[in-house]
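I opened a new notebook page for this chain.

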Amino acid sequence: MERRVVVEISKEHIRRDFQNYRTYVCKVRQKKDQLTAVKAKLAGLQSARITDMPRTPAPRSDKNLYLLQEKIEIEDSLKKLLRKQESERKRLNKILRDLESEDTVGLLTRKPEVLTAEASVLKLRYMCGFSWEDINKAFYSDDEDFEINTDVYLKRIFRYHGQAFVDLQKMLKGK
């Protein structure tokens with residue numbers, strides 16, 4: 001007898017997936033910064049110092065070895081994060097493409113422009129890492145009254161954002 005596992009698809013679950021992707025992006029950026037710092041330290045340790053003062057050689061191999069190990073660990077961790085990030089990016093991009101597809105427009109009985117706007121807000125916010133203000137500018141800065149009605153346009157962006165998760169939930173349940 002075959003058992004089926006039913007996974008509840010909720011707005012919060014979908015939102016968490018997008019937020020997790022944004023966290024991956026931040027972690028990758030941090031690891032790259034760490035790797036750059038360790039490489040700079042290694043380059044600094046390898047430079048030769050020439051002076052005419054006699055000195056006893058200091059054991060630098062321990063510090064070099066530690067930095068090399070740290071560099072290898074960061075690189076391995078970065079590779080794993082990049083693989084996870086790439087697979088999540090592909091999965092989430094497919095979901096967003098499905099949101100904009102003709103089938104979804106019929107399923108949700110929503111205007112294609114609205115679904116495209118919702119998908120665009122999610123892409124800019126989670127995939128590109130834009131702030132709310134940047135998304136607002138990207139959507140509405142060409143409008144003549146943008147400077148006056150910035151808050152009104154920002155509320156519209158928030159509505160697109162919230163409704164996108166509702167529509168994604170309906171879409172994924174309908175499949």
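My entries below go from the whole chain to single residues.

**Entry 1: the whole chain.** I noted first that this is a predicted model. I counted helices and strands: the protein chain has 6 helices and 0 strands. Reading along the sequence, I wrote down the pattern α-α-α-α-α-α. Next I looked up burial. Of the 175 residues of the protein chain, 30% count as buried. Last, I checked how far apart in sequence the contacting residues lie. Taking contacts between residues at least 6 apart, I found that 67% join residues at least 24 apart.

**Entry 2: the largest nonpolar core.** Which residues touch the most other members of this core? I found F18, L92, L99, L122, F165 and L168, out of 19 residues in the core. I then asked which helices each supply at least two residues. They are α1 (11-46), α2 (61-100), α3 (102-108), α4 (112-127) and α6 (150-174). The largest share, 5 residues, comes from α4.

**Entry 3: F165.** I picked F165 from the list of core members with the most contacts. Leaving out residues up to four places away in sequence, F165 touches K11, I14, R15, F18, L122 and Y126.

**Entry 4: helix α4.** I turned to α4 and checked its length. Helix α4 has 16 residues. From its first C-alpha to its last, α4 reaches 21 Å, close to the 22 Å expected at 1.5 Å a residue. Which residues of α4 are buried? I listed L115, A117, E118, A119, V121, L122, L124, R125, Y126 and M127. I kept a general rule beside that list: an α-helix has 3.6 residues a turn, so residues three or four places apart point the same way. After α4 comes G129, and I noted its positive phi, near 75°.

**Entry 5: D167.** I finished with D167, which lies in helix α6. Is D167 buried or exposed? D167 counts as buried because its relative accessible area is 0%, and the cut-off for buried is under 20%. I then looked up its contacts, again leaving out residues up to four places away in sequence. D167 touches L99, L108, R110, L115 and E118. Of these, L115 and E118 are among the buried residues of α4.

Notes
Residues numbered from 1 in each chain as written. Predicted model: local features only at pLDDT ≥ 70, side-chain atom pairs only at ≥ 80, totals over all residues. Heavy atoms only, no water. Core = buried A, V, L, I, M, F, W, Y, C linked by side-chain atoms within 4.5 Å. Buried < 20%, exposed > 50% of the residue type's maximum accessible area, 1.4 Å probe, protein only. Helix = DSSP H or I, 4+ residues; strand = E, 2+ residues; numbered from the N terminus. Contact = heavy atoms within 4.5 Å. Expected span 1.5 Å × (residues − 1).
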